[in-house]
Amino acid sequence: MSKTVNFIIDGQNVEAKKGETILQAARRAGIYIPTMCYISKTTPCASCRICSVEVEGVDGFILSCNTPPTEGISVKTNSDELELERKNIMKLYDVNHPLECGVCDKSGECDLQNMTLEFGVEKQDFSAKDQLRTVKDWGLINYDPALCIMCEKCVHVCNEVIGDDAIEVKFGGYSSEIIPKGADTLDCTFCGECIAVCPVGALVSSDFKYSANAWELSRIPSTCAHCSAGCPLEYETRHSGINGDTSIYRVKNNFEFATLCGAGRFGFDFDVKASKEEAKLQAAVDALQSAKAIRFSSIITNEEALILQKIKEKLGLKLFNEDARLYNAFMKAYASVSGKLHASADLEAVKQADAAVVIGTRVVTDNPGVRYALRVASQHNGAKIVYAHPMEDVLMKNTATQFMKYEVGTEEGVMALLANELLKNADVDEDTRKFLDDLDLGYLEAESNVGDDELSLMSKSFMHAQNKVLIIGSDMFAHERAANIAKLAALIEKYTDFSLLVIPREVNTVGASLVCDLDIDEDLSNVVGYNAKGEFIIAASDDADLTTPALNQQEGSVVSIDNRLLPLNAALGFDGYELNDIANALGIEKEYTIEYTKELPQDKGFKAVEFDDLENFLDAFGEDTRGYILDEVACDADGKLEEIAELPEYNGTVIYDANPVLQFNNFTKRTKQLQEEALLSGSAQFAAAAKISDGDVVEITTGSETIQRTFRLDSELKGTIALNPTFDRDVDGSQYRFHKSKIVRVM
């Protein structure tokens, strides 16, 4: 059967791929068909009819957005009849739309304005009774039903891409409006994607409202600095104030193809201010020259990481970053079986998947980009998604098709069970078959609480799947059996048709792990911290010993979850010192930090490309041209699987390090719009086990750390595991995310 359809548009021969609509084929061929409600990343809304075309031999108009072509048809995109049809549609849109363009946030980039001009609507032949429509304040989002044209883009993207399914259409003729679904006010993760896709000014940012016009803002393309998904965004800036300071007014994205979470959209004001004081620079140089080690976080550019590596080599220091070191160790163990340094899957592979296993991550808050990709796979491909974790997540309930609950600490056993199930009929080598045959399945199932019936159900649901992906989260990296877990994941990837995606914790965990030669963090005195704890702190913080620029104030690059090097551009200026100034003072001399971009280690997959030669845009068809994909690096596949260790038990009250939605670290914590109280959240069952009540201030002891939190009873949580946020504190990356804990009520 042919996978293409050949037909004609406006006399031009056009080829459509199987499953494409007339509109999609036209766009690929460079033929313009106007749309108002269409958006590439969702199913067609089919509400505006602007995309209507004529098909020879067919009476009436055809919606090009949801009609696939058939072999040999002839399509006409322009005629007097179509022009009149589109003009009348625009008149109906305009009939009751308030003329608020002078103060509307969408003015200057409004589809309604553009189409009204395009189709020459100069007078109004229709009229309708005006409706009283009050503006709704939904927190970070405002909705003005008087401006709404009911295109339904917001509803589609909320359901099909985000997975919140938080809004719906309340039908009522001219009284129709968008309303919260099943609630009095908006109850969602506040990604703001509805704002992005709204073609008019009906859905707007509450903070941005009435603050600037589109044509007054400058756009700086960059990469989101909050998690490892590497989402593309644009900072929109403007000079303001009597001193001519530049401020970020809002963040936008190429909503046609890309998606942002609320942290990326609303958490942009984490910049810092500083001035050049030579005494502070000298103090930083002196601190490094007398230090035993540098400790740094993965919220850093590749270029800064390379500078730290060069400082380590010049001064003979140790270099600590447990987050990146453990990720690196995990991937080395993976490479010892797979024979390659980088895992095979990316976010696009997840979107195209029709089967997925997610294990070792609370994915909604760890990496929203992965959540959105899974939602797209679920909605567009009917993907069967197995979500394996000790805790259920209500935000994944309408996406995951099977929840596999395992006991805390038993990840190695669960991975062995998955490998055994998925490799049953695979043609594996002799050592692998012996390893699988020697597994004590009864013991593993009993201790992990994952039964044979669950594994069989998974296999049955995957029976006809063609595009499968295994997603491994950061719960695994600090697990005491991380190396064997990584080898098991590599085994599944090697001998099945699963591709593998590994989710690092921070924005540049991958880059830091590849650039730096890291040491095991020790409890040393005289450590300099770079965006991390130390006796002398150099950080993008106003209270650091030396303040350096934040990631929205500097040029550089990071490596995303897709193993793609992505450029960062400076949205705001910075008047203080950078790490490169310290390096120059130490005799490691470059004029600009970005001169290090082309020197990133090629033996780890980086390319000798100048920073200024890096592209930073999505093309007209959504193709990601930003930066470059790291080259694959071959490794010796000499790793051997170890016998599965005795599975641990975590009895009593257990604490899990997991942030609330929209919070990731100290940078998101200090942004104005992402206000969140750091609370210990647990179920009624947890409260009973810990003998505490809602609102109690408690003291939590996990290992050697003791902190205080206010306890919040969360009706959506179950079991005796509570969520403890990390965004307000420095987290020891060497620790497994689940902790045996002692809970004491303080007041």
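**Cavity, cysteines and local geometry**

Q: In this predicted model, is Met-150 buried or exposed?
A: The relative accessible area of Met-150 is 18%. The cut-off for a buried residue is under 20%. Met-150 therefore counts as buried.

Q: Where does Met-150 lie, and what is its phi?
A: Met-150 belongs to the loop between β7 (141-143) and α4. Most residues other than glycine have a negative phi. Met-150, a residue other than glycine, has a positive phi, near 55°.

Q: What is the phi of Asn-449?
A: Asn-449 is placed in the loop between α15 (441-448) and α16 (452-461). Its relative accessible area of 42% makes Asn-449 partly exposed. The phi of Asn-449 is positive in a residue other than glycine, with a value near 70°.

Q: How many cavities of 30 Å³ or more are there, and what is the volume of the largest cavity?
A: The count of cavities of 30 Å³ or more comes to eleven. For the largest cavity, the volume is about 100 Å³.

Q: Which elements give two or more residues to the lining of the largest cavity?
A: The lining of the largest cavity consists of 13 residues. Cys-158, Ile-167, Cys-188, Cys-191 and Cys-194 are the ones that lie nearest the centre of this cavity. The elements that give two or more residues to the lining are α4 (153-162) and α5 (193-197).

Q: How many residues of the lining of the largest cavity are nonpolar?
A: The lining of the largest cavity includes one polar residue and two charged residues. The number of nonpolar residues in the lining is ten.

Q: Which residue joins its side chain to that of Asp-164 in a polar contact of 2.6 Å?
A: Asp-164 sits in the loop between α4 and β8 (167-170) and is buried, with a relative accessible area of 14%. Leaving out residues up to four places away in sequence, Asp-164 touches Cys-158, Cys-188, Thr-189, Phe-190 and Arg-371. The polar contact of 2.6 Å joins the side chain of Asp-164 to that of Thr-189.

Q: Which side chain makes a polar contact with the side chain of Thr-77?
A: Thr-77, in the loop between β5 (74-76) and α2 (80-94), is buried at 2% relative accessibility. Beyond its neighbours within four places in sequence, the contacts of Thr-77 include Ile-9, Asp-10, Tyr-32, Val-53 and Arg-86. At 2.4 Å, the side chain in polar contact with that of Thr-77 belongs to Asp-10.

Q: How far apart in space are Thr-77 and Pro-34, C-alpha to C-alpha?
A: Along the sequence, Thr-77 and Pro-34 are 43 residues apart. In space, their C-alpha atoms are apart by 9.2 Å.

Q: What distance separates the C-alpha atoms of Gly-264 and Cys-227?
A: Gly-264 is part of helix α6 and is buried, its relative accessible area being 3%. Not counting residues up to four places away in sequence, Gly-264 touches Cys-224, His-226, Leu-233 and Val-251. Cys-227 is 37 residues from Gly-264 along the chain, and the C-alpha separation of this pair is 8.9 Å.

Q: How far apart in space are Asn-254 and Ala-335, C-alpha to C-alpha?
A: Asn-254 occupies the loop between β13 (245-252) and α6 (262-266), where it is partly exposed with a relative accessible area of 30%. Asn-254 and Ala-335 are 81 residues apart in sequence, and their distance in space is 35 Å.

Q: How far apart in space are Ala-349 and Ala-377, C-alpha to C-alpha?
A: Ala-349 lies in helix α10 (residues 347-351) and is partly exposed, with a relative accessible area of 26%. A stretch of 28 residues in sequence sets Ala-349 and Ala-377 apart, and in space the distance is 9.3 Å.

Note on methods
Residues numbered from 1 in each chain as written. Predicted model: local features only at pLDDT ≥ 70, side-chain atom pairs only at ≥ 80, totals over all residues. Heavy atoms only, no water. 1 Å grid on protein atoms, 1.4 Å probe; cavity = no way out; pocket = protein on both sides within 12 Å on 5 of 7 lines; lining within 4 Å. Points joined across faces, edges and corners; volume = space filled by probe spheres on them. Helix = DSSP H or I, 4+ residues; strand = E, 2+ residues; numbered from the N terminus. Nonpolar A, V, L, I, M, F, W, Y, C, P; charged D, E, K, R; others polar. Buried < 20%, exposed > 50% of the residue type's maximum accessible area, 1.4 Å probe, protein only. Polar contact = N/O pair within 3.5 Å; in protein donor to acceptor, adjacent residues only side chain to side chain. Contact = heavy atoms within 4.5 Å.
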